[in-house]
Amino acid sequence: MNMSLKESCIILDLVMAAIFFLIGFLFYRSNGKAANSLTGYNMKSAEERKKYDEKKMCKDYGKRMMLWPIPFFIGAVIDFIFPIKGTLIAWVIWSGMFILLLIERHKRER
């Protein structure tokens with residue numbers, strides 16, 4: 001069975017959307033247990049970690065991650081008309097969202 005480029009791009013977008021939503025949902029529902037999965041946070045000492053509300057932090061990150069599928073859904077729609085362009089647009093938008101998260105996190109941890 002040969003898939004067309006259009007179908008491949010749409011499937012990629014939808015799979016990425018599902019993955020990001022699932023990760024975000026799991027973070028949101030982790031009750032703070034997913035905090036160890038956050039880069040940098042897992043390297044802090046136990047004393048430094050006491051300064052953070054892990055439950056709230058995981059909920060905040062989970063909410064943010066559950067927004068990350070939106071560019072991929074938009075990309076899938078665009079891929080119906082312009083294959084590959086929707087996927088590229090989705091990744092560019094997602095990269096921007098991820099960079100904003102990193103900047104916000106850096107400011108918060110100062």
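Start by selecting helix H5 (85–108), which gives the lining of the largest pocket its largest share, 4 residues. Helices here are DSSP runs of H or I, at least four residues long, numbered from the N terminus. You are looking at a predicted model, in which local features need pLDDT of at least 70 and side-chain atom pairs count only at pLDDT 80 or more, while totals for chains, interfaces and linings use all residues. Numbering runs from 1 along each chain as its sequence is written, and side-chain values use heavy atoms, without hydrogens and water.

Next, show the whole lining: Ile-23, Phe-27, Ser-37, Leu-38, Thr-39, Tyr-61, Met-65, Trp-68, Phe-98, Leu-101, Leu-102 and Arg-105. By class the lining has 9 nonpolar, 2 polar and 1 charged (Ala, Val, Leu, Ile, Met, Phe, Trp, Tyr, Cys and Pro count as nonpolar, Asp, Glu, Lys and Arg as charged, the others, Gly among them, as polar).

Now turn to H1 (residues 5–29) and H3 (residues 54–65), whose axes come within 7 Å and cross at roughly 160°. That makes H1 roughly antiparallel to H3 (angles over 145 degrees count as such; axes are lines fitted to C-alpha atoms over the stretch in contact, with angles from 0 to 180 degrees between N-to-C directions).

Finally, select Phe-20, Ile-23, Gly-24, Phe-27 and Tyr-28 in H1, which meet Cys-58, Lys-59, Tyr-61, Gly-62, Lys-63 and Met-65 in H3 (contact means heavy atoms within 4.5 Å). This contact of H1 with H3 has 7 nonpolar, 2 polar and 2 charged residues.

Key: Helix = DSSP H or I, 4+ residues; strand = E, 2+ residues; numbered from the N terminus. Parallel < 35°, antiparallel > 145°, perpendicular 65-115°, else oblique. 1 Å grid on protein atoms, 1.4 Å probe; cavity = no way out; pocket = protein on both sides within 12 Å on 5 of 7 lines; lining within 4 Å.
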